[in-house]
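Student: I would like to learn how to read a structure one feature at a time. Could you take me through this one?

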Amino acid sequence: MERTFNNVPVDIDTRITFQKEIEIKNFKALYQKWNWDGIIGESIIFHNDDVASLNDDGLKELINSSGLEYIINDKSTISRDESGFTFINFGF
């Protein structure tokens, strides 16, 4: 059974303005643009199990070396949520 991103949790105050399933070097992910309390940002979301072997620096390197336009830097946040998803938030 293929995993989906249908059950990614969204904070009640967050409005998703765009989302698209993407692939980064054979890792399936969900890209989102969002607005939360006047802050506009972006997220790349992975299933925890898929990226369990990568630490935070490894996740940053994966995204930054992908050739995609996403830039993950020191202002980016990474959280591995108990819901089963890893969130990389950036661009705010």
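Predicted model: local features only at pLDDT ≥ 70, side-chain atom pairs only at ≥ 80, totals over all residues.

Student: What counts as a strand, and what counts as pairing?

Tutor: Helices (H or I, at least four residues) and strands (E, at least two) are DSSP runs numbered from the N terminus, and two strands pair if DSSP finds at least two bridges between them. In the pair we began with, Ser-79 stands opposite Phe-87 in β5. Strands β4 and β5 form a hairpin with four residues between them, and Gly-84 in the turn has a positive phi of about 105°.

Student: In what order do the five strands of the open sheet lie?

Tutor: The order is β1-β2-β3-β5-β4, with antiparallel pairing. The edge strands, each pairing on one side only, are β1 (14-24) and β4. From one strand to the next the twist averages 20°, where axes are lines fitted to C-alpha atoms, for helices over the stretch in contact, and angles run from 0 to 180 degrees between N-to-C directions.

Student: Which helix packs on the sheet, and which strands does the helix touch?

Tutor: Contact means heavy atoms within 4.5 Å. Helix α1, residues 56-64, packs on the sheet and touches β1, β2, β3 (39-47), β4 and β5, and its direction makes about 120° with that of β4.

Student: How many bridges join β1 to β2?

Tutor: Strand β1 and strand β2 (residues 27-36) run antiparallel and are joined by 10 bridges; Thr-14, for example, has Trp-36 in β2 as its bridge partner. Their hairpin has two residues between the strands, and Lys-25 takes a positive phi near 45° there. Strand β2 is in turn joined to β3 by seven bridges, again antiparallel, and in the hairpin of these two strands, which has two residues between them, Asp-37 takes a positive phi near 50°.

Student: How do I read a nonpolar core, and which residues touch the most other members of the largest one?

Tutor: A nonpolar core is a set of buried Ala, Val, Leu, Ile, Met, Phe, Trp, Tyr and Cys residues joined through side-chain atoms within 4.5 Å; buried means under 20% relative accessible area, exposed over 50%, and partly exposed in between (1.4 Å probe, protein chains only). The largest core here has 14 residues, and Ile-24, Ile-44, Phe-46, Ile-63, Tyr-70, Ile-88 and Phe-90 touch the most other members. Two or more residues each come from β1, β2, β3, α1 and β5, and the largest share, three residues, comes from α1. Apart from this core lies another, of six residues, among them Leu-30, Ile-45, Phe-85 and Phe-87.

Student: Is Leu-30 buried or exposed?

Tutor: Leu-30, which has its place in strand β2, counts as buried because its relative accessibility is 4%. Leu-30 stands opposite Ile-45 in β3, and its C-alpha atom is separated by 9.5 Å from that of Phe-87, 57 residues apart along the chain.

Student: How many salt bridges does a search of the whole structure find?

Tutor: A salt bridge is a side-chain nitrogen of Lys or Arg within 4 Å of a carboxyl oxygen of Asp or Glu, and the search finds two. In one of them Glu-23 meets Lys-28, with the closest N and O atoms 3.9 Å apart; Lys-28 is also the bridge partner of Glu-23 in β2. The side chains of Arg-80 and Asp-56 form a salt bridge at 3.4 Å, N to O. Because Arg-80 lies in strand β4 and Asp-56 in helix α1, this pair ties together parts that are 24 residues apart in sequence.

Student: Which side chain of opposite charge is nearest to Lys-60?

Tutor: For this reading Lys and Arg count as positive and Asp and Glu as negative, while His and the chain ends are not counted. Lys-60, found in helix α1, is buried yet has no salt bridge, and the nearest side chain of opposite charge, Asp-74, is 4.5 Å away. Leaving aside neighbours within four places in sequence, Lys-60 is in contact with Ile-72, Asn-73, Asp-74 and Ile-78.

Conventions
Residues numbered from 1 in each chain as written. Heavy atoms only, no water.
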